[in-house]
Structures are given as C-alpha cells and as structure tokens.
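This report describes the overall fold of a protein chain and the packing of its helices. The sequence and the model are shown first.

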Amino acid sequence: MLPIHFAPLQGYTDDVYRRTHHRLIGGVERYYTPFMRVEAGDVRSKDSRDVNPKNNIDIPVTPQIIFKDLGEFLFLVEKLEALGYREIDLNMGCPFPLQIGKGRGAGLLSRIDIVKDLMEEVKKCQEISFSIKMRLGLNDCNESVKLLPLLNNTPLRQIVIHPRIGRQQYKG
C-alpha cells in the first residue's frame, strides 16, 4: 500500500482540521502544515499555534516553512527544532504574488545564489530531515533544471514538484 501524504492548503488545513481529519478519517502517513513564516521579526501567532506539539499530539506532522533568505530560514528552523521537530518541508513553490514579491516561495527559484547558501545550511543540519516543495521555476521551467545540481548534492528526504511555473499561479 502506498503512503498517503496530506498536502497543506493555506487557511484551511490547520491544526484543528488535521486533528479532526486524523480522528475521523485517518489513513494518512504524513500531514504537512501550511507554511510558517516570519512577520514583523517573529513567527506569526497563528503559525505558532498550528505547529505547537500540544495541538498535534499523535498526529504525524511535518511543518512547512517559507523564507526569503538564509536569515529567515535559520530563524524558522531554530524555532521548530526547539519544539522538537526533526522533519521540515521547505516551501519553494508558493505562487502567491505577495510571497513571490518578497522573494519567498517560487520567488526563490531564480535566485541560485540564495538556494546554494540554503542547501549548504541544510547539509550542516544533521538532526533534521528536509524535504522541498517547489515548482518548475518562477518564470520558466528551466529554472528548476539549473537548481538540480545543488539539490542532488544535498541530503533531502524528498522533492515534490508542482508542474507549473510560479507566474502561472494556479492556472495552465
């Protein structure tokens, strides 16, 4: 039997939804949280509640983070590590214009220098297993091809590719 992984949907699949789904339906090997992000220098309170281990007891949860640079990445990883998480999903696929405009999500895909620095940090994190959710690129699908050497040389648990570019958002 193939494992079922539950993808996040921002604004819907929060901790309350996951607890209810897990209790009433179950059968999911892994739930991914909607992305956790930095806002005004700290983690949004809604995101903190969503990843709080007390709100996810006996539920197989992997938090997802979205970030624009190495500083935000390290800040979020440190927060999740302090909560006891040992798996983190990196969002490099969100097509929402507000996030792309800040260089987050799919906005990272054309910034090879930042992705290179991020992958070097992932290699240093021996206690955490990372996965990536990404798109084919921000503006064209060749951006993901340019990233493959970096990703192939990084000990990632998995890469999930949404087969669109960021500029398409949810169309095409």
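## Conventions

Angles under 35 degrees count as roughly parallel, over 145 as roughly antiparallel, 65 to 115 as roughly perpendicular and the rest as oblique. Helices (H or I, at least four residues) and strands (E, at least two) are DSSP runs, numbered from the N terminus.

The model is predicted: local features need pLDDT of at least 70 and side-chain atom pairs count only at pLDDT 80 or more, while totals for chains, interfaces and linings use all residues. Residues are numbered from 1 along each chain as its sequence is written, and side-chain values use heavy atoms, with hydrogens and water left out.

## Overall fold

The protein chain contains 6 helices and 8 strands. Read from the N terminus, their order is β-α-β-β-β-α-β-α-β-α-α-β-α-β. The radius of gyration (taken over C-alpha atoms) is compared with a globule rule of 2.2 Å times the number of residues to the power 0.38. Its value of 15 Å is close to the 16 Å that the rule gives for 172 residues, so the protein chain is as compact as a globular protein of that length.

The C-alpha trace spans about 40 × 35 × 35 Å along its principal axes. Of the 172 residues, 46% are buried (under 20% relative accessible area, with exposed over 50% and partly exposed in between, for a 1.4 Å probe and protein chains only).

## Helices H5 and H6

Axes are lines fitted to C-alpha atoms, for helices over the stretch in contact, and angles run from 0 to 180 degrees between N-to-C directions. H5 packs against helix H6 (residues 142-152) at an angle of about 15 degrees, and their axes are 10 Å apart. The two helices, H5 and H6, are therefore roughly parallel to each other.

Contact means heavy atoms within 4.5 Å. On the H5 side, Ile112, Val115, Lys116 and Met119 meet Lys146, Leu147, Leu150 and Leu151 of H6.

## Helices H3 and H5

Helix H3 (residues 70-82) packs with helix H5 (residues 112-124) at an angle of about 25 degrees, with a distance of 10 Å between the axes. H3 and H5 are therefore also roughly parallel to each other. Leu70, Phe73 and Leu74 in H3 meet Asp117, Leu118, Glu121 and Val122 in H5.

Phe73 lies in H3 and, at 0% relative accessibility, counts as buried. Not counting residues up to four places away in sequence, Phe73 touches Ile65, Phe67, Leu90, Leu118, Glu121, Val122 and Phe130.
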